[in-house]
Amino acid sequence: MAGPAEIEQGSLQRTFKDLLAGAAGGIAQVLIGQPFDIVKVRLQTSSQYPNALDCATKIFKDEGAAAFYKGTLTPLIGIGACVSIQFGAFHWARRRFEASNTASNPLSPGLSYGQYYLSGAFAGIANSAISGPIEHVRIRLQTQPHGAARLYSGPIDCIRKLSAHEGVVKGLYRGEAVTILREAQAYGVWFLTFEYLMNADAARNGIERKEISSLKVAGYGGLAGEALWLASYPFDVVKSKMQSDGFGKDMRYKGMRDCFAQTYRAEGMRGFWKGIGPTLLRAMPVSAGTFAVVEATMRFLG
């Protein structure tokens, strides 16, 4: 029987593999999703585009193809870390629930779906500490004027200037409260949906999880991505509005509740769903690629 030291070492090795697999999935997520994301952010924060196709066409015409990868460096570095944290934190929480379940009922250590949701929500909250400022910088770079009128020369310049406005907490970390709410809801639903679909497939076909084909893993991951955004999109709209808002006398929103209130008064419920079309279009391939790469990496690492 393994002693405490061996168990602890095994747990650390498993966490390291979870983090590494998550990082690989994060890189895939950025490379697949960045062009869709800039269209989403422009639609959320501006009224000059009637639809996603018009937005994408004007970006290409006015700014060139490279514009679809504006601000990519920050998420490429940061989202890799974010997804790494998401999967590491999720599996850490999952193992804690399994240990608790085993102690109370050794014959049934598996998680309930409520516990899967809570594990995902924990992953989202853990992730929000870095996803908030990373997404803030990305949104500023994506929405700034083109050419000579641009406000930031790059991610580092953007971080420096945002931090200069009312300090790091109110500047760089603007919108963090709604980011935490979005992340908890989004990743609770994301992991819950994926685990439900994977468990249902394994039970239906009488196979182990590792025997589920990569194509099915990608498909279930894609569906989880759709569920993620449908469950959390209004929070994301408010976050984008706050993180593209001005400073000082140019600031429109006093805080998260004020942003919700102003959006509802000006646009009604439809205002909380602007840009949902390209977001759902993006979610399927991005989430499919993320889970497919993560699962493949975890199977490779053993």
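How do the residues of the lining of the largest cavity divide into nonpolar, polar and charged? They come out as eleven nonpolar, nine polar and eight charged. Keep in mind that this is a predicted model.

## The largest cavity

There are two cavities of 30 Å³ or more here, and the largest holds about 350 Å³ of space. Its lining takes 28 residues, and those nearest its centre are Q29, E135, Y187, W229 and R282.

Which helices build that lining? At least two residues each come from α1 (4–45), α3 (73–104), α4 (113–143), α7 (176–205), α8 and α10. The top contributor is α1, with six residues.

## The second largest cavity

This one holds about 50 Å³ of space. Its lining is made of F87, F90, H91, F191, F194, E195, R209, F291, V294, E295 and M298. Helices α3, α7 and α10 each give two or more of these residues, and α10 gives the most, with four. By class, the lining has seven nonpolar residues, one polar and three charged.

## Where α8 meets α10

Helix α8 (residues 214–243) and helix α10 (residues 276–301) have axes that come within 7 Å and cross at roughly 135°, so the two are oblique to each other. The crossing is right-handed.

On the α8 side, the contact includes W229, L230 and Y233, while R282, F291 and E295 are among the α10 residues taking part. Sorted by class, this contact has 14 nonpolar, six polar and four charged residues.

Note on methods. Residues numbered from 1 in each chain as written. Predicted model: local features only at pLDDT ≥ 70, side-chain atom pairs only at ≥ 80, totals over all residues. Heavy atoms only, no water. Axes fitted to C-alpha atoms, helices over the stretch in contact; angles between N-to-C directions. Parallel < 35°, antiparallel > 145°, perpendicular 65-115°, else oblique. Left-handed = near helix turned anticlockwise from the far one by under 90°. Contact = heavy atoms within 4.5 Å. Nonpolar A, V, L, I, M, F, W, Y, C, P; charged D, E, K, R; others polar. 1 Å grid on protein atoms, 1.4 Å probe; cavity = no way out; pocket = protein on both sides within 12 Å on 5 of 7 lines; lining within 4 Å. Points joined across faces, edges and corners; volume = space filled by probe spheres on them.
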